[in-house]
Amino acid sequence: MKKKVMVVDDSKVAALQICKLLEGSEFEVAVHCENGEDAIASYNKVRPDVVTMDIIMPGIDGLETAQVLRYEHDEARIVMISSLSGDEETLHEIHAVGPQAVLFKPLTREALLEALEQALR
């Protein structure tokens, strides 16, 4: 049985890219949430094995969404995804949330699969 991934990203293009990168792997996208509010509301219904979380989104950003998910669900496994690789303050904020892995855009299949596997260890 494939492992379920919840993709939280306001970009439909990014979500489609993750779907394509996961083709033929042990992971499948179970749901795409376009914002943090939807992710928080959908988590109990979907019960994903792992969540990929973009940081910059309208409404509740990815950092706050990850904090809420981790607070409400001890088992939540989160991979933060960012395009802000050189921003030291953002890196500090990402690590303070306690994700199991961090990825930087642009994504590659190898890096995504490694991060998802790391999150489940």
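Predicted model: local features only at pLDDT ≥ 70, side-chain atom pairs only at ≥ 80, totals over all residues.

Q: Good. Leaving out residues up to four places away in sequence, what does Asp54 touch?
A: Asp54 touches Val8, Asp9, Asp10, Gly62, Ile81 and Lys105.

Q: Where is Asp54 found?
A: In strand S3.

Q: Is Asp54 buried or exposed?
A: Buried. Its relative accessibility is 7%, and the cut-off for buried is under 20%.

Q: Which side chain makes a polar contact with the side chain of Asp54?
A: That of Lys105, at 3.4 Å.

Q: And which residue forms a salt bridge with Lys105 at 3.7 Å?
A: Asp9. The 3.7 Å is the distance between the closest N and O atoms.

Q: Where do the two partners sit in the chain?
A: Lys105 is in the loop between S5 and H5. Asp9 is in the loop between S1 and helix H1, residues 12-22.

Q: How accessible are Asp9 and Lys105?
A: Asp9 is buried, with a relative accessible area of 4%. Lys105 is partly exposed, at 34%.

Q: How many salt bridges does the structure hold?
A: The structure holds 6. Another one joins the side chains of Lys12 and Glu34, at 3.6 Å from N to O.

Q: Which residue meets Glu114 in a salt bridge?
A: Arg121. The side chains are 3.4 Å apart, N to O. Glu114 is partly exposed, at 39% relative accessible area. Arg121 is exposed, at 62%.

Q: Which residues do salt bridges with shared partners join into one network?
A: Asp9, Asp54 and Lys105.

Q: Switching to helices. Where is Glu114 found?
A: In helix H5, residues 109-120.

Q: How does the reach of H5 compare with the expected value?
A: H5 has 12 residues and reaches 17 Å from its first C-alpha to its last.

Q: Which residues of H5 are buried?
A: Leu112, Leu113, Ala115, Leu116 and Ala119. They cover an arc of only 160 degrees around the axis, which puts them on the same side of H5.

Q: What covers the buried residues of H5?
A: The cover includes S1, H1, S2, S3, S4 and S5.

Q: Now the core. Which residues touch the most other members of the largest nonpolar core?
A: Met6, Val8, Val51, Met53, Ile78 and Met80, out of 22 residues in that core.

Q: Which elements each supply at least two residues of this core?
A: Strand S1 (3-8), strand S2 (27-33), H2, S3, helix H3 (62-72), strand S4 (78-82) and helix H4 (88-97). H2 gives the most, with 4 residues.

Q: Take Val51. Leaving aside neighbours within four places in sequence, what is Val51 in contact with?
A: Met6, Val8, Tyr43, Arg77, Ile78 and Val79.

Q: Last topic, the backbone. Which peptide bond is cis, with omega near 0 degrees?
A: The one from Lys105 to Pro106. Pro106 is in the loop between strand S5 (101-104) and H5.

Q: Which residue other than glycine has a phi near 50 degrees?
A: Arg47, and that is a positive value. Arg47 lies in the loop between helix H2 (36-46) and strand S3 (50-54). Its relative accessible area is 42%, so Arg47 is partly exposed.

Q: Why flag those two features?
A: Because most residues other than glycine have a negative phi, and most peptide bonds are trans.

Technical notes
Residues numbered from 1 in each chain as written. Heavy atoms only, no water. Buried < 20%, exposed > 50% of the residue type's maximum accessible area, 1.4 Å probe, protein only. Core = buried A, V, L, I, M, F, W, Y, C linked by side-chain atoms within 4.5 Å. Contact = heavy atoms within 4.5 Å. Salt bridge = Lys/Arg side-chain N within 4 Å of Asp/Glu carboxyl O. Polar contact = N/O pair within 3.5 Å; in protein donor to acceptor, adjacent residues only side chain to side chain. Expected span 1.5 Å × (residues − 1). Arc of directions from axis to C-beta.
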